[in-house]
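Morning, everyone. Please have a look at the model on the screen before I start.

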Amino acid sequence: MRTTHRICAAFTGAALALGIAAPAAAERWRVGLEEIKGSVQWQYAEEFAKRIKEKTDGEVTLQLFPYGQLGGLTDIYDAVQGGAIQLAFGSGFLGGTVPESQLFSLNFVLTDDQWTNAQILNDPAFVESEPFVQSFRSRGLHPISVITEGWQVWSANKPIRSPADFKGVNIRVMDNRLLRETYQAYDANPITIEYGELYSALQLGQADAAIQPLFAHQEMGFYEVQSHFIFARQAQFIATWMGNSDWYDGLSDEMRGIVNETADEMVRWAHDMQVELNDARMDIIMKKKPGMKTVELTAEERAVFRERSIPVRDVFGEVTGERGKRLLDTLLKQVEMAR
Ligand code: 6CS
């Protein structure tokens, strides 16, 4: 028994004798964010923290570590895997830790409706499916919910409407094989750069283009060094809200129930929050830089990229094996049912 437990036990005995309620055992869960203060991940974690605090009468509080405070992106995943932090978000760079999470990097897999997609990804048939849960658990992680953060919008210094326009364009992608394969299939030159280094890479011309939701284009300033936004609606930015699996398993049944119930309650809240935030950030961008050009791909233009993206699904199968294939099938079945 650890010292604190012995002290608590002694206090409980004395308190009971005196008729005083024992103080609740306060807990603090540390949370690693891939994004800075004000972002979608930050707002989600803040709201999650608020709800957990309320439901536990202040017994459990969350401490948020925005992007940069724990090091780079992979440092966040190492910290949650190792148990130094209890909760974190994992998205595009997580492919090195959980290869199956690259599923969310595939283009043109989900529907064209953001709310439908949030529901599909958080339906127990997907989020609690064996291939999804085991992909994380076999790496010391437990997936709690899946957050959509808005459409992935291309930014560049020229309009891009076809693979021919992508020729010779160094587009920055998050570090995963599926994204590299996808953008190669689009005839671009994908290059990997850490999130925090992207602004200077665009400024210095090491990268010509980027892929981000609008809120991130605004808060990281990428739009300042790009002239065009291109809306292809090829994919949404998707992150998994996950815990260290030993920590998750060690929670009482009641506490685990509170965590899961809170995540379920927040699916609609998270969707509405990201839509609002992305719209508001686009307004800020257009006010600050009225000359920013926008390009909306037509159905025909999108169809060309969609066709090129399909063979990348086979690469996902090669990279992730049998479990990955079952995971993709599970998702495609859910999408089919939602259409
Ligand atoms: O592009 C990236 O690396 C980062 N972008 C966002 C919007 N969130 C986290 C991710 O690592």
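I'll go through a sheet, a helix, the cavities and a pocket. One caution: this is a predicted model.

Now take the pairs one by one. Start with β5, residues 153-156. β5 and β8 run antiparallel and are joined by 3 bridges. β8 is the strand at residues 210-212. Within β8, Q212 is the bridge partner of V153. Turn to β9, residues 228-231. Again there are 3 bridges to β5, and the two strands run antiparallel. Here W154 has I230 of β9 as its bridge partner. Then comes the pair of β9 and β11. These two run parallel, with 4 bridges between them. H228 is bridged to K293 in β11.

Stay with β5 for a moment. Where do its side chains point? V153 and S155 go one way, and W154 and A156 go the other way. Are these residues buried or exposed? All of them are buried.

Next, a helix. α2 runs over residues 40-55, which is 16 residues. From first C-alpha to last, α2 reaches 23 Å. That is close to the 22 Å expected at 1.5 Å a residue. The buried residues in α2 include V40, W42, Y44, F48 and I52. Charged side chains are on that list too: E47 and R51 of α2 are buried. Just after α2, look for D57. D57 takes a positive phi of about 50°.

The largest cavity holds about 200 Å³ of space. Its lining has 21 residues. Lying nearest the centre of the largest cavity are F104, S105, Q152, M174 and L179. By class, that lining has 9 nonpolar, 11 polar and 1 charged residues. Which elements take part? β6 (170-173), α8 (177-185) and β10 (236-244) each supply at least two residues of the lining of the largest cavity. β10 gives the most, with 3 residues.

The second largest cavity holds about 110 Å³. It is lined by 14 residues, and E34, S91, M174, Y195 and F237 are the closest to its centre. Here the classes are 8 nonpolar, 2 polar and 4 charged.

Last stop, the largest pocket. Its volume is about 280 Å³. The pocket is lined by 23 residues. F108, V109, L110, D112 and R302 lie nearest its centre. By class, the pocket lining has 12 nonpolar, 5 polar and 6 charged residues. Which element gives the largest share of this lining? It is α13, with 5 residues. α13 spans 299-309, and β10 also supplies at least two residues to the pocket. Remember that β10 lines the largest cavity too.

Definitions and conventions
Residues numbered from 1 in each chain as written. Predicted model: local features only at pLDDT ≥ 70, side-chain atom pairs only at ≥ 80, totals over all residues. Heavy atoms only, no water. Buried < 20%, exposed > 50% of the residue type's maximum accessible area, 1.4 Å probe, protein only. Pairing = 2+ DSSP bridges. 1 Å grid on protein atoms, 1.4 Å probe; cavity = no way out; pocket = protein on both sides within 12 Å on 5 of 7 lines; lining within 4 Å. Points joined across faces, edges and corners; volume = space filled by probe spheres on them. Expected span 1.5 Å × (residues − 1).
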